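Here is the note you asked for, written for someone opening this entry for the first time. Please read it with the structure on screen.

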Amino acid sequence: MVFMPLNFLLLWLVELLSIGVLAGGIYILYEWYERELVGTSYLVAGLAMVLWSFGGRFIGLPLLRRRGVEEPKFIRSQTVKRVSRPDGSVLQVEFYGDEDAPPIILSHGWGPNSTVWYYAKRQLSDRFRVIVWDLPGLGKSARPKNNDYSLEKYARDLEAVVAIAGDKPVILLGHSMGGMINLTFCRLFPEHLGRKVAGLVLVDTTYTNPVKTCIFSGLIRKLQKPLLEPLLYLTIVLSPILWLMTWLSYLNGLLYISVELSGFTGTETRGQLNFAAILSALGSPGVLARGTLAMFKYEETETLAKINVPVLVVCGATDIATKPVASDRMEAELPRAEKVTIKPGGHMALMEQNQYFAEAVSKFCTACSLKL
């Protein structure tokens, strides 16, 4: 699951419910042992609650989704470069495909790591040089020592990835926060557009504070200061505890519900749902909270009109994390944009409808390459 402000509210609810069920089961068993609760039904109920807390996913997942033909796996490349940054972070950059093919740099969203591109790497690397990287603090990229998780920091990191991509102009593809990083890159490094950068692909992303373009945006904006920001700071303080709570919600299967609601539309496979849930549990809650706080300061509306390279805007038709209206606005204000809507598709349409996604990206990137 890709983390946006709305997701944190869902995750907190899931984690609190997970703790409540486990604590309730332990309490019932203790009271039964102490003879305060009498009857076999209490013993069964307590055992069921405890066992569900650590193994509910084995029942829930098969019931929720069908098995797929090709399920995603945590695969990494043997061709890797490690790039040290001035703030102490180290970028894990991986390469797939022929080094002489047109290069595409894939920037993932906030929460998972570059393994989220399982399908894109397989479906695009036969025609393109696919370059993926882990955002610092996630995956195999070391976190910044100064706790700078701003979009500007990541845009500067992206420039470092562009610098090692080779001599050919690259296409920057970003999903969710990855797209936000791409737009920030365009503001900070406009001289690269048309020279080092041949085009952009913006996938289920936004041009402004994501609180303004998510579902229930009016309510979430009102909750940002009094509720959401304090919860994020609390998440930083309680990060180790919340990490354990997240894994508990994965084991009991409740995390699947959160991932489903925020990312998918119901056509995903069993493996895709499980893969996305594991990815969301791997990220440190403290790191994720800092990055989400940084998104509140994000604003690139005025940047859109200044981007003079071809742009493909891709959005899931029922995305609730970044509603399609955000994509509509970007298509309208970008000088050279086209839009593809994936239906059915949510925030994780790149996984759920991976073949359709790869075909749209391949067609656009091939056209950009022919124009060079």
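This is a predicted model: local features need pLDDT of at least 70, side-chain atom pairs count only at pLDDT 80 or more; totals for chains, interfaces and linings use all residues.

1. Eight strands form an open sheet in the order S1-S2-S4-S3-S5-S6-S7-S8, and the pairing is mixed. Strand S1 (80-84) and strand S8 (337-342) are the edges; each has a single partner strand, so one side of each has no neighbour in the sheet. From one strand to the next, the twist averages 20 degrees.

2. Strand S3 and its partners. Strand S3 covers residues 103-107 and pairs with S5 in the parallel sense, over four bridges. Within this pairing, Ile105 has Leu172 of S5 as its bridge partner. S3 also pairs with strand S4 (residues 129-134), again in the parallel sense, and here there are five bridges. Leu106 is found opposite Val132 of S4.

3. Strand S4. Its pairing with S2 is antiparallel and has five bridges. In S4, Trp133 is the residue that Val93 stands opposite. How many of the six residues of S4 are buried? Six of the six are, and the strand is described as mostly covered. The cover extends to both faces: Arg129, Ile131 and Trp133 are buried on one side, and Val130, Val132 and Asp134 are buried on the other. A reader may wish to note that Arg129 and Asp134 are included in these buried sets.

4. Strand S5. This strand spans residues 170-175, and six of its six residues are buried. One side carries Val170, Leu172 and Gly174, the other Ile171, Leu173 and His175, and all of these are buried. Apart from its pairing with S3 over four bridges, S5 runs parallel to strand S6 (residues 197-203), to which six bridges join it. Gly174 has Leu202 of S6 opposite.

5. Helices on the sheet. Helix H5 (residues 151-163) lies across S1, strand S2 (90-96), S3, S4 and S5, and runs at about 145 degrees to S4. Helix H12 (residues 324-333) also packs on the sheet, where it touches S6, strand S7 (311-316) and S8. The direction of H12 makes about 165 degrees with that of S7.

6. Helix H1. Residues 5-33 make up this helix of 29 residues. From first C-alpha to last it reaches 43 Å, which is close to the 42 Å expected at 1.5 Å a residue. After H1 comes Arg35, with a positive phi near 70 degrees.

7. Helices H7 and H8. At what angle do the axes of H7 and H8 cross? Helix H7 (residues 217-237) and helix H8 (residues 239-252) have axes that cross at roughly 95 degrees and come within 5 Å. H7 is therefore roughly perpendicular to H8. Thr235, Ile236 and Val237 make the contact from H7, and Ser239, Pro240 and Leu242 make it from H8. By class, four of these residues are nonpolar, two are polar and none is charged.

8. Thr235. Setting aside residues up to four places away in sequence, Thr235 touches Phe8, Trp12, Leu242, Pro285, Gly286 and Ala289.

9. Ile104. This residue lies in strand S3 and is buried, with a relative accessible area of 0%. Beyond its neighbours within four places in sequence, Ile104 is in contact with Phe128, Arg129, Val130, Ile131, Ile171, Leu173 and Cys365. Among them, Arg129, Val130 and Ile131 are buried residues of S4, while Ile171 and Leu173 are buried residues of S5. Ile104 and Gly199 are 95 residues apart in sequence, yet their C-alpha atoms are 9.5 Å apart in space.

Terms used
Residues are numbered from 1 along each chain as its sequence is written. Side-chain values use heavy atoms; hydrogens and water are left out. Helices (H or I, at least four residues) and strands (E, at least two) are DSSP runs, numbered from the N terminus. The expected span of a helix is 1.5 Å times one less than its number of residues. Axes are lines fitted to C-alpha atoms, for helices over the stretch in contact, and angles run from 0 to 180 degrees between N-to-C directions. Angles under 35 degrees count as roughly parallel, over 145 as roughly antiparallel, 65 to 115 as roughly perpendicular and the rest as oblique. Contact means heavy atoms within 4.5 Å. Ala, Val, Leu, Ile, Met, Phe, Trp, Tyr, Cys and Pro count as nonpolar, Asp, Glu, Lys and Arg as charged, and the others, Gly among them, as polar. Buried means under 20% relative accessible area, exposed over 50%, partly exposed in between (1.4 Å probe, protein chains only). Two strands pair if DSSP finds at least two bridges between them.
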